[in-house]
Amino acid sequence: MAILPSCSLLKIWNMNKFTGVLGVYNCQGAAWSFAEKKTMFRPAGADSLTCSIRASDVHLISEAATGAEWNGDCAVYRHASGDLVVLPSGAALPVSLKVLEQDILTISPVKVSARCLRSLSP
């Protein structure tokens, strides 16, 4: 059974035409045991791991923005907590997860309309 040292969270992204999805997983400290046919845990040095989420973690998010006026701001919905935040361009959102926890984030570009109202792209 091989277990990687506790060092980072796994991020996996995907896109559709209008939005991106980012999965964040803490797989550290756990591994499948072929002998016992179950997930085995080892004591990790930290209770949880923390990383920063940016809209740019969804590499093609700019393709979901409709229009040249997009300034890089994105709406981020965290499925685990139900939180919805507007993440300014270049800003980071901290995510902390315990061993075998995960969070799914939906990321959508937002733009400021002529009346200074934010709206989801498209």
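Trainee: In which strand does Ala-30 lie?
Mentor: This is a predicted model, where local features need pLDDT of at least 70, side-chain atom pairs count only at pLDDT 80 or more, and totals for chains, interfaces and linings use all residues. Residues are numbered from 1 along each chain as its sequence is written, and side-chain values use heavy atoms, without hydrogens and water. Strands (E, at least two residues), like helices (H or I, at least four), are DSSP runs numbered from the N terminus. The strand that holds Ala-30 is β3.

Trainee: Is Ala-30 buried or exposed?
Mentor: Buried means under 20% relative accessible area, exposed over 50%, and partly exposed in between, with a 1.4 Å probe and protein chains only. The relative accessible area of Ala-30 is 14%, so Ala-30 is buried.

Trainee: What distance separates the C-alpha atoms of Ala-30 and Leu-100?
Mentor: Leu-100 lies in the loop between β8 (93-98) and β9 (102-112). Along the chain, Ala-30 and Leu-100 are 70 residues apart. Their C-alpha atoms are separated by 7.3 Å.

Trainee: What is the phi of Leu-100?
Mentor: Most residues other than glycine have a negative phi. Leu-100 is not a glycine, yet its phi is positive. The value is near 65 degrees.

Trainee: Where is Lys-37 found, and what is its relative accessible area?
Mentor: Lys-37 also has a positive phi, about 55 degrees, without being a glycine. Its place is the loop between β3 (30-33) and β4 (38-41). Lys-37 counts as exposed because its relative accessible area is 63%.

Trainee: Which residues have the most contacts inside the largest nonpolar core?
Mentor: A nonpolar core is a set of buried Ala, Val, Leu, Ile, Met, Phe, Trp, Tyr and Cys residues joined through side-chain atoms within 4.5 Å. The largest one has 17 residues, and the elements giving two or more of them are β2 (20-25), β5 (48-53), β6 (74-78), β8 and β9. Those with the most contacts inside this core are Leu-22, Val-24, Ile-53, Leu-105 and Ile-107.

Trainee: Which residue has a side chain joined by a polar contact to that of Asp-103?
Mentor: Asp-103, in strand β9, is buried because its relative accessible area is 1%. A polar contact is a pair of N or O atoms within 3.5 Å; within protein, one must be able to donate a hydrogen and the other to accept it, and residues adjacent in sequence count only if both atoms are side-chain atoms. The contact here is 2.8 Å, and the partner of Asp-103 is Arg-78.
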